[in-house]
Amino acid sequence: MKYTPLIVMLCALAAPVSGAAVCTPDEDSRAFNRCRVCHAESPERPSLAGPNLWNVVDRRAGARDDYRYSQAVIDSGLTWDAATLRQYLRDPSGVIPGNRMSAPPIRDEKLLDAIICHLSSLAE
């Protein structure tokens, strides 16, 4: 049938776009390697140079007792949901001026997706 490419294209355009990232545990864990330098990610490990990120999704910024946060983070009033994490990882000093995170901003959307997927998996 000579209209097949047109039909395929129209079906693709009609398909719903969710915007949600597809999480792949191995790739997401590898993407998080850049964060492991400063952040622990299991409940039994203490915070390192940065706070432990176990159960970080839906946690209030500055809420871990075993980490000394900057006053800027404590006063931010933020809760770490996926959208807030994405904004913060894209521009840490823009979202919370005066925070102490020294990592560079992450601009790559796929890398952000993978890191946020990994963080979302760190829960009981």
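## Reading a predicted helical model

Colleague: α3 and α5 each supply at least two residues of the lining of the largest pocket. How many residues line this pocket, and which of them lie nearest its centre?

Modeller: The model is predicted. As a general idea, a probe the size of a water molecule, rolled over the atoms, shows where empty space is left. In this case the largest pocket has a volume of about 640 Å³. Its lining comprises 29 residues, and those nearest the centre are His39, Gly50, Pro51, Tyr88 and Met101. The largest share of that lining comes from α5, with 3 residues.

Colleague: How many helices and strands does the protein contain?

Modeller: The protein has 7 helices and 0 strands. Read from the N terminus, the order of elements is α-α-α-α-α-α-α. Among contacts with a separation of 6 or more, 38% join residues 24 or more positions apart.

Colleague: What percentage of the residues is buried?

Modeller: A residue is called buried when its relative accessible area is under 20%. By that criterion, 33% of the 124 residues in the protein are buried.

Colleague: Which residues have the most contacts inside the largest nonpolar core?

Modeller: A core of this kind is read as a set of buried nonpolar residues joined through side-chain atoms. Here the largest one has 22 residues, and Phe32, Trp80, Leu89, Ile115 and Leu119 have the most contacts inside it. At least two residues of this core come from each of α5 (82-90) and α7 (109-121). The greatest contribution is that of α7, with 5 residues.

Colleague: How many aromatic pairs does the structure hold, and is the pair of Tyr67 and Tyr69 stacked or edge-to-face?

Modeller: The reading rests on the angle between ring planes: under 30 degrees is stacked, over 60 is edge-to-face, and the rest are tilted. The structure holds 2 aromatic pairs. The ring planes of Tyr67 and Tyr69 stand at 75 degrees, with centres 4.9 Å apart, so this pair is edge-to-face. The other pair, Trp80 and Tyr88, is tilted, with 55 degrees between the planes and 5.0 Å centre to centre. Tyr67 and Tyr69 are buried, and Trp80 and Tyr88 are both buried as well.

Colleague: Is Glu41 buried or exposed, and with which side chains does it make polar contacts?

Modeller: Glu41 lies in the loop between α3 and α4. Its relative accessible area is 16%, and it therefore counts as buried. The Glu41 side chain makes a polar contact of 2.3 Å with the side chain of Arg36, and another of 2.5 Å joins it to the side chain of His118. Neighbours within four places in sequence aside, Glu41 is in contact with Phe32, Arg36, Asn52, Trp54, His118 and Leu122.

Colleague: What is the phi of Asp58, and is Asp58 buried or exposed?

Modeller: Asp58 also has a positive phi, near 75 degrees. The loop between α3 and α4 holds Asp58. Its relative accessibility is 59%, so Asp58 counts as exposed.

Colleague: Finally, what separates Arg100 and Gln71 in sequence and in space?

Modeller: The two distances are read side by side. Arg100 and Gln71 are 29 residues apart in sequence, and their C-alpha atoms are 9.8 Å apart in space. Arg100 lies in the loop between α6 (92-95) and α7 and is partly exposed, with a relative accessible area of 48%. Not counting residues up to four places away in sequence, Arg100 touches Tyr67, Arg68, Tyr69 and Ser70. Tyr67 and Tyr69 are the residues of the edge-to-face pair discussed above.

How values were computed:
Residues numbered from 1 in each chain as written. Predicted model: local features only at pLDDT ≥ 70, side-chain atom pairs only at ≥ 80, totals over all residues. Heavy atoms only, no water. Core = buried A, V, L, I, M, F, W, Y, C linked by side-chain atoms within 4.5 Å. Buried < 20%, exposed > 50% of the residue type's maximum accessible area, 1.4 Å probe, protein only. Helix = DSSP H or I, 4+ residues; strand = E, 2+ residues; numbered from the N terminus. Polar contact = N/O pair within 3.5 Å; in protein donor to acceptor, adjacent residues only side chain to side chain. Contact = heavy atoms within 4.5 Å. Phe/Tyr/Trp six-rings, centres within 6.5 Å; stacked < 30°, edge-to-face > 60°. 1 Å grid on protein atoms, 1.4 Å probe; cavity = no way out; pocket = protein on both sides within 12 Å on 5 of 7 lines; lining within 4 Å. Points joined across faces, edges and corners; volume = space filled by probe spheres on them.
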